[in-house]
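This report describes the fold, the nonpolar core and selected residues of a single protein chain. The sequence and the structure are shown first.

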Amino acid sequence: ANGEVTPVDTAKLQALLPASLGAYTRASLDTGAMGQMGKGVSATYKSGDKSIKLSVIDSAGLGALAGMAGAMGAEQSHEDSDGYDKTSTVNGQLVIEKWSKSGSRGEFAQQVASRFFVSAEGEAGSIDELKSAVAGIDQGALASLAK
């Protein structure tokens, strides 16, 4: 009614986090809020000496700013002998991908519905494990929470 967007309740975001990610089992669960700016949840998953932190952030309070980078077609990349770092826009949504070969550490983040950010970061077997973790969040269900 007043043009303000209310952040999604953290319990609804938390329900999207899976109990496990392949061989990784959930070790902890966290929630946080920044008032009307947004809310977020994250879970840490462990498998042996490797761990992945999967996060879902609702940037509702940022309004149009949240979707601006994707809408503007943000692009950048850097690659060297140890890995790479790139930002791109896929279907109008921001995608960030980083990988360090020496540390077997990286990050994969994807914008959903120009409002939410789903990211996976940590020590993993490959960037594909991080991408798979992000893909494990039901993007349709997440986007439907924005309504």
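What percentage of the 147 residues in the chain do buried residues make up? Buried residues make up 36% of them, where buried means under 20% relative accessible area, exposed means over 50%, and partly exposed lies in between (1.4 Å probe, protein chains only). The model is predicted: local features need pLDDT of at least 70 and side-chain atom pairs count only at pLDDT 80 or more, whereas totals for chains, interfaces and linings use all residues. Residues are numbered from 1 along each chain as its sequence is written, and side-chain values use heavy atoms, with hydrogens and water left out.

**Overall organisation**

Four helices and nine strands are present in the chain; helices (H or I, at least four residues) and strands (E, at least two) are DSSP runs numbered from the N terminus. Read from the N terminus, the elements follow the pattern α-β-β-β-β-α-β-β-β-β-β-α-α. The chain exposes about 7700 Å², of which carbon and sulfur atoms supply 51%; accessible areas come from the Shrake-Rupley method with a 1.4 Å probe, and for residues only the protein chains shown count as cover. Of the contacts between residues at least 6 apart in sequence, 46% join residues at least 24 apart, a contact being heavy atoms within 4.5 Å.

**The sheet**

The nine strands form an open, antiparallel sheet in the order β1-β2-β3-β4-β9-β8-β7-β6-β5; two strands pair if DSSP finds at least two bridges between them. β1 (20-21) and β5 stand at the edges with a single partner strand each, so one side of each is left without a neighbour in the sheet. Helix α3 packs on the sheet and touches β1, β2 (24-33), β4, β6, β7, β8 and β9. The direction of α3 makes about 30 degrees with that of β8; axes are lines fitted to C-alpha atoms, for helices over the stretch in contact, and angles run from 0 to 180 degrees between N-to-C directions.

**The nonpolar core**

Which residues have the most contacts inside the largest nonpolar core? They are Leu-54 and Leu-142, in a core of 26 residues; such a core is a set of buried Ala, Val, Leu, Ile, Met, Phe, Trp, Tyr and Cys residues joined through side-chain atoms within 4.5 Å. At least two residues each are supplied by β3 (39-47), β4, β7 (93-100), β8, β9 and α3 (127-135). The largest share, four residues, comes from α3. Beyond its neighbours within four places in sequence, Leu-142 is in contact with Leu-13, Leu-16, Val-56, Val-112, Phe-116, Val-118 and Ile-137.

**Buried charged side chains**

Two residues with side-chain polar contacts are set out below. A polar contact is a pair of N or O atoms within 3.5 Å; within protein, one must be able to donate a hydrogen and the other to accept it, and residues adjacent in sequence count only if both atoms are side-chain atoms.

| Residue | Relative accessibility | Side-chain partner | Polar contact |
|---|---|---|---|
| Arg-115 | 10% | Asp-58 | 2.7 Å |
| Glu-97 | 8% | Tyr-84 | 2.5 Å |

Arg-115 counts as buried because its relative accessibility is 10%, and it is found in the loop between β8 (105-112) and β9 (116-123). Glu-97 is in strand β7. Not counting residues up to four places away in sequence, Glu-97 touches Tyr-84, Asp-85, Lys-86, Glu-107, Phe-108, Ile-127 and Lys-131.

Ile-57, in strand β4 (residues 50-58), has Arg-115 among its contacts, together with Lys-39, Gly-40, Phe-116 and Phe-117, leaving aside neighbours within four places in sequence. Ile-57 is partly exposed, with a relative accessible area of 32%.

**Backbone in the loops**

Most residues other than glycine have a negative phi. Ser-104, in the loop between β7 and β8, has a positive phi near 45 degrees. Its relative accessibility of 24% makes Ser-104 partly exposed. Ala-113 lies in the loop between β8 and β9 and has a positive phi of about 55 degrees. Ala-113 is partly exposed, at 40% relative accessible area.
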